[in-house]
Amino acid sequence: MHLSVENFVEGTKLILKLKGVLDYSTVDTFNFKEFTSDSIEEIEVDFSNLEFIDSTGIGAIISILHTAVSLSAKVNFKGMSEDTKELFETIGIFDIKKSLLGDDYHV
């Protein structure tokens, strides 16, 4: 199993493009914090090429939400599969996002 994360900044937006599997075996390679700075106003997570995510991966996504809170940034989820959306709905990630960031824009 493999995960690659393409991180880049466009203006004040940090874009994270996930490719592969985000689970217990790959989560250690998911390090986005080195790309954050106080100038980041938005974090976009692109799930278009994500094949699978487990509970450990969900934890990594929640850490993005907490980082966004500390930066007063918003978070947008992009390219989610129906399976990932359903998983996020079931676990309550969208509710956590809304609670932490005050918005419900996620796709």
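Trainee: Why is K13 called partly exposed?

Mentor: K13 has a relative accessibility of 23%. Buried means under 20% relative accessible area, exposed over 50%, and partly exposed in between (1.4 Å probe, protein chains only). K13 therefore counts as partly exposed. Please note that this is a predicted model: local features need pLDDT of at least 70, side-chain atom pairs count only at pLDDT 80 or more, and totals for chains, interfaces and linings use all residues. Residues are numbered from 1 along each chain as its sequence is written, and side-chain values use heavy atoms, with hydrogens and water left out.

Trainee: Is E44 buried or exposed, and how do you know?

Mentor: The relative accessible area of E44 is 11%. This lies under the limit for a buried residue, so E44 is buried.

Trainee: What makes K13, E44 and K78 a network?

Mentor: K13, E44 and K78 are linked by salt bridges. The side chains of K78 and E44 also meet, at 3.9 Å from N to O, which is within the cut-off. K78 in strand 4 and E44 in strand 3 are 34 residues apart. K78 has 41% relative accessibility and is therefore partly exposed.

Trainee: How many salt bridges does the structure hold?

Mentor: It holds three. One of them joins K85 and E82 at 3.3 Å, N to O. Both residues lie in helix 2 (residues 82–91), three residues apart, about one turn of the helix. E82 is exposed, with a relative accessible area of 58%, whereas K85, at 22% relative accessibility, counts as partly exposed.

Trainee: What makes E42 a residue with no salt bridge?

Mentor: The nearest side chain of opposite charge, K13, is 4.3 Å away from E42, and this distance is not within the limit for a salt bridge. Here Lys and Arg count as positive and Asp and Glu as negative; His and the chain ends are not counted. E42 lies in strand 3 and is the bridge partner of K13.

Trainee: How do you know that strand 2 and strand 3 pair?

Mentor: Two strands pair if DSSP finds at least two bridges between them. Strand 2 and strand 3 have nine, in the parallel sense, and strand 1 and strand 2 have eight, in the antiparallel sense; both pairs therefore meet the criterion. Strand 1 and strand 2 form a hairpin with two residues between them, and G11 in the turn has a positive phi of about 65°.

Trainee: Why are strand 1 and strand 4 said to stand at the edges?

Mentor: The open sheet has four strands in the order 1-2-3-4, with mixed pairing. Strand 1 (3–10) and strand 4 each have a single partner strand, so one side of each is left without a neighbour in the sheet. From one strand to the next, the twist averages 15°.

Trainee: What makes a group of residues a nonpolar core?

Mentor: Such a core is a set of buried Ala, Val, Leu, Ile, Met, Phe, Trp, Tyr and Cys residues joined through side-chain atoms within 4.5 Å. The largest one here has 28 residues, among which L22, I61, F77 and F88 touch the most other members. Helix 1 (55–71) is one of the elements that supply at least two residues, and its seven residues are the largest share.

Trainee: Which residues does I61 touch?

Mentor: Contact means heavy atoms within 4.5 Å. Not counting residues up to four places away in sequence, I61 touches L18, L22, V45, F47, I53, F77, F88 and I93.

Conventions:
Axes fitted to C-alpha atoms, helices over the stretch in contact; angles between N-to-C directions. Salt bridge = Lys/Arg side-chain N within 4 Å of Asp/Glu carboxyl O.
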